[in-house]
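Welcome! Please take a moment to look over the sequence and the 3D structure before reading on.

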Amino acid sequence: MIAERRMLLVDGARTSYLEAGAGEPVVLLHGGEFGAGAEVGWEFTVNALARRYRVLAPDMLGFGDSAKVVDFTDGRGLRIRHIARFLALLGIESAHFVGNSMGAINLLADATSERPRLPARSLVAICGGGEIQRNEHMAALYDYDGSLPGMRRIVTALFHGGSWPADEGYVQRRYESSIAPGAWEALAAARFRRPGLEPPATPSTERAYHRIGVPVLVVEGGEDKLLPPGWAAEIAALIPQGSSAVVPGAGHCPQIERPEIVNALLLDFLANCAKTDARREISA
């Protein structure tokens, strides 16, 4: 099964996305590093899920082939609202969501808000939700200078295995995405704050996780260089229907580094969600 690249105008903004399969919708939200996008973030996930589900993997605003929107005020809120409108235009009223890094943080931020915008039946947060560690790997993500060596440092930060930054083709692929016209500006805007704005949001552990009323799986990379050990279990314990898993031998992008493990986790989690829904319908 091959995912198709499609394009949709969402309130005038070009929105590129991958689509494959049929059935209940599963929406995949990629990470926020320079050079990220739907294809590079989910290339080993889309087809595995598409055997049972309708999979949608959009390039969020500023990434991939989607519009390069610069926002200094509320970049996270802008992207959440954009995905909500994207799904509404496709007629999707309910979906399972899977996010990696920034995509996962966006899911948790929306689900714990007073008025969530995303029509979530379930959530999977992969390496997004814990507190980013202040180290050289965080610096590689935040201080990207648009150079090929800079992109190699980002890839080093994202992965546990050394084969990824050593792969010239892989680094070049991410690099070319990062230097597309407007891409650096759209992502760099998130690092700045307009004077007079409210202070940044509270730490991730202080979000209102009790508000989440759907099943949530929090996935940790066992060798993540950006997040501390144990963060996933800590957050899952705060969510009424929360559970967690650790992917051994994987860094910040386990769906790329250990796809066989992550795909099995996702399929099991989604199957259990379906069983839970069926039991509720019978008892109603």
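This report walks through a strand, a core, some aromatic rings, a helix and a glutamate.

## Before you start

This is a predicted model, in which local features need pLDDT of at least 70 and side-chain atom pairs count only at pLDDT 80 or more, while totals for chains, interfaces and linings use all residues. Residues are numbered from 1 along each chain as its sequence is written, and side-chain values use heavy atoms, leaving out hydrogens and water.

Helices (H or I, at least four residues) and strands (E, at least two) are DSSP runs, numbered from the N terminus. Buried means under 20% relative accessible area, exposed over 50%, and partly exposed in between, using a 1.4 Å probe and protein chains only.

## An enclosed strand

Let's begin with strand 3, which is largely enclosed by the rest of the structure because five of its five residues are buried. Both of its faces are covered: P25, V27 and L29 are buried on one side, V26 and L28 on the other.

Strands count as paired if DSSP finds at least two bridges between them. Strand 3 runs parallel to strand 4 (residues 54-58), with three bridges joining them, and V26 stands opposite V55 of strand 4. Four bridges join strand 3 to strand 5 (residues 95-100), again in parallel; here V27 has F97 as its bridge partner.

## The largest nonpolar core

A nonpolar core is a set of buried Ala, Val, Leu, Ile, Met, Phe, Trp, Tyr and Cys residues joined through side-chain atoms within 4.5 Å. The largest one here has 82 residues, and L28, F97 and I212 touch the most other members. Helix 12 (residues 259-283) gives the most to this core, with six residues.

Contact means heavy atoms within 4.5 Å. Leaving aside neighbours within four places in sequence, F97 is in contact with residues including V27, I83, L87, L107 and L118.

## Aromatic pairs

Rings of Phe, Tyr and Trp (its six-membered ring) pair if their centres lie within 6.5 Å; planes under 30 degrees apart count as stacked, over 60 as edge-to-face and the rest as tilted. How many aromatic pairs does a search of the whole structure find? There are six. One of them is the tilted pair of F34 and Y144, at 5.1 Å centre to centre with 40° between the planes. This pair links distant parts of the chain, 110 residues apart: F34 is in the loop between strand 3 and helix 1 (38-42), and Y144 in the loop between helix 5 (136-142) and helix 6 (148-158).

F34 counts as buried at 2% relative accessibility, and Y144 does at 4%. F159 and W164 form a stacked pair, 4.5 Å centre to centre and 10° between the planes; both residues are buried. F34 and Y144 also form one aromatic cluster with W184.

## One face of helix 6

Which residues of helix 6 are buried? They are G150, M151, I154, V155, A157 and L158. An α-helix has 3.6 residues a turn, so residues three or four places apart point the same way.

The cover over the buried residues of helix 6 includes helix 5, helix 7 (163-166) and helix 8 (168-178). At the start of helix 6, a side-chain oxygen of S147 comes to within 3.0 Å of the backbone nitrogen of G150.

## A buried glutamate

E19 lies in strand 2 (residues 13-20) and counts as buried at 13% relative accessibility. A polar contact is a pair of N or O atoms within 3.5 Å; within protein, one must be able to donate a hydrogen and the other to accept it, and residues adjacent in sequence count only if both atoms are side-chain atoms. The side chain of E19 makes such contacts with the side chains of R6 (3.0 Å) and R54 (2.8 Å).
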